[in-house]
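Colleague: I am new to this structure and would like a close look at a single part of it. Please take me through that part slowly.

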Amino acid sequence: MATLKDAAARKPILATIRLLVPAGAARPAPPVGPALGFYRLNLMAFCKDFNARTQKYKADTPMQVTLTAYKDSTFEFVVKSPSVSWFLKKAAGIETASSRPGHNAVSSLTLRHVYEIAKLKQSDPFCKHMSIEALCKSIIGTANSMGIEIVKDL
C-alpha cells in the first residue's frame, strides 16, 4: 500500500498518448506535433530524446511510443520495439498478409527467423517476463493468422 509520502510525490497525470513514430524521424510535424502540442508539451525535447533513443534502429522502422503527460507540462515516455507482424512481414519479404489465412500461404519462414524475432521482442519492457519459448509460440500463432507458414528448414 502506498504511503502518504509516495502519494504526495506522484505527479497528477494529464493524459496518456500512444503514437506510432518512425525510428529516428520524430519531427514537430504531424503526427507528433498535434498530439503533443494539444497538451502544451515541449516538442523539441521529445523529438531529440526519441531520436537519440532510436538511433540504433533502421530508419522508417515504426516504433510504438507510450507517452505520459503530467499537469506541470512534463512528460516521460516508453519506446517499444516494432510489432511482431511488422517483423514477420520484413522477414518474409511481403507487403501485406494473406486475405485468407489457413487457405492461402503467402510465404514461409523457418524456426530460426521466429527465434531471432523472439530475441528482439524479449528486450521489450512488456515482454521481459516471458520466456523465449512462450514468445516463439506467440509469434508462430501470429504468423499462422497472417498466412505465413512456419517450417523447420527451407
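In which sense do β1 and strand β2 pair, and over how many bridges?

Modeller: This is a predicted model, in which local features need pLDDT of at least 70 and side-chain atom pairs count only at pLDDT 80 or more, while totals for chains, interfaces and linings use all residues. Residues are numbered from 1 along each chain as its sequence is written, and side-chain values use heavy atoms, with hydrogens and water left out. β1 and β2, the latter being residues 62-70, pair in the antiparallel sense over 9 bridges; here two strands pair if DSSP finds at least two bridges between them, and strands (E, at least two residues) and helices (H or I, at least four) are DSSP runs numbered from the N terminus. Within this pairing, Ala-15 has Ala-69 in β2 as its bridge partner.

The two strands belong to an open sheet of 3 strands with antiparallel pairing, in the order β1-β2-β3. Its edge strands are β1 (13-22) and β3 (75-80), each of which pairs on one side only. On average, and with direction ignored, neighbouring strands of this sheet are turned by 20 degrees against each other, where axes are lines fitted to C-alpha atoms, for helices over the stretch in contact, and angles run from 0 to 180 degrees between N-to-C directions. Helix α3, residues 43-53, packs on the sheet and touches β1, β2 and β3, contact meaning heavy atoms within 4.5 Å. The direction of α3 makes about 30 degrees with that of β3.
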